Amino acid sequence: MAPRPTKLLLVDDEDNLRSMLEAALRHSGFDVHPVANGRDAIEAVASEQPDLIVLDVMLPDLDGFDVCKRLRTSGDRTPVLFLTARDTTEDRVRGLTLGGDDYLVKPFSLEELVARITAVLRRSGVDRAKTELRCADLEMDDEAHRVTRSGVDVALSPTEYNLLRYLLVNQDRVVSKAQILDHVWD
């Protein structure tokens, strides 16, 4: 059985950006729970118990700084990655001082966002739950970049490896040809 995907709480009030990020992060193997405001974010942390929160600062009710401060005050230690257009040094320092684990300024690349999420999870001791994937006698070790079947090494090209990884991560879901093409071949 495959391990549980890493659960992300995605908090952004911009519908288009939130939808795009949700789809892109799902394609990267994350289980994404999107919300559009700070109050829903605080409720979702309790109900969803995410592994990491991707949090916009400029929200319509509570700003992201307030959300982070309230979570930390209540004892919640879920890692927070601020994702915002607010790019002053003061904003970055404030976000990190309030308990944020990283701060990424818009515009950004999806590759950098995924790399920062992975780094924050690693630093916080939350494994991405993707280092070892299994299906029957097929095993994939992402850390060692190794695939075995019945204990015998399987040689794969980089594209074959990415395709197999995507299928293993999504083995309990139906994925379309378009999703596979988007994820494996960009």
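1. A residue is called buried when its relative accessible area is under 20%, exposed when it is over 50%, and partly exposed in between, using a 1.4 Å probe and protein chains only. C135 counts as partly exposed because its relative accessibility is 36%. C68, at 0% relative accessibility, therefore counts as buried. A disulfide is taken here as a pair of cysteine sulfur atoms within 2.5 Å, and by this rule the count comes to 0 disulfides.

2. The model is predicted: local features need pLDDT of at least 70, side-chain atom pairs count only at pLDDT 80 or more, and totals for chains, interfaces and linings use all residues. Residues are numbered from 1 along each chain as its sequence is written, and side-chain values use heavy atoms, with hydrogens and water left out.

3. The sheet comes next. Helices (H or I, at least four residues) and strands (E, at least two) are DSSP runs numbered from the N terminus, and two strands pair if DSSP finds at least two bridges between them. Here 5 strands make an open sheet with parallel pairing, in the order β2-β1-β3-β4-β5. β2 (31–35) and β5 (102–105) are the edge strands, each pairing on one side only. From one strand to the next, the twist averages 20°. For angles, axes are lines fitted to C-alpha atoms, for helices over the stretch in contact, and the angles run from 0 to 180 degrees between N-to-C directions.

4. Strand β3 (residues 52–55) is parallel to strand β1 (residues 7–11) and is joined to β1 by 4 bridges. Across this pairing, L9 stands opposite I53, and L10 stands opposite V54. β3 also pairs with β4 in the parallel sense, over 3 bridges.

5. Which residues of β3 are buried on its two faces? L52 and V54 are buried on one side, and I53 and L55 on the other, so that both faces of β3 are covered. In a regular strand, side chains alternate between the two faces of the sheet.

6. I53 deserves a separate look. I53 lies in strand β3 and is buried because its relative accessible area is 1%. Contact means heavy atoms within 4.5 Å. Not counting residues up to four places away in sequence, I53 touches L9, V11, V45, L71, T78, P79, V80 and L81. I53 and L81 are 28 residues apart in sequence, while their C-alpha atoms are 6.1 Å apart in space.

7. Helix α1 (residues 15–27) lies across β1, β2 and β4 (80–84) and runs at about 170° to β2. Helix α4 (residues 89–97) packs on the sheet and touches β4 and β5, with its direction at about 150° to that of β5.

8. A nonpolar core is a set of buried Ala, Val, Leu, Ile, Met, Phe, Trp, Tyr and Cys residues joined through side-chain atoms within 4.5 Å. The largest one has 19 residues, and L9, V11, I53, L55 and F82 have the most contacts inside it. Two or more residues of this core come from each of β1, α2 (38–48), β3, α3 (64–73), β4 and β5. α3 gives the most, with 4 residues. A second, separate core of 17 residues includes V32, L52, V114 and I117. In soluble globular proteins, nonpolar side chains tend to be buried together.

9. Leaving out residues up to four places away in sequence, F82 touches L55, V57, G64, F65, C68, G95, G100, D102, Y103 and L104. One of these, D102, is found in strand β5 and counts as buried because its relative accessibility is 13%. Which side chain makes a polar contact with the side chain of D102? The partner is R116, at 2.8 Å. A polar contact is a pair of N or O atoms within 3.5 Å; within protein, one must be able to donate a hydrogen and the other to accept it, and residues adjacent in sequence count only if both atoms are side-chain atoms. Leaving aside neighbours within four places in sequence, D102 is in contact with residues including V80, L81, V120 and R123.

10. The last point concerns I180, in helix α7 (residues 177–185). At 19% relative accessibility, I180 counts as buried. I180 touches L163, Y166, L167, V175 and W185, not counting residues up to four places away in sequence. The C-alpha atoms of I180 and A46 are separated by 33 Å, and these residues are 134 apart along the chain.
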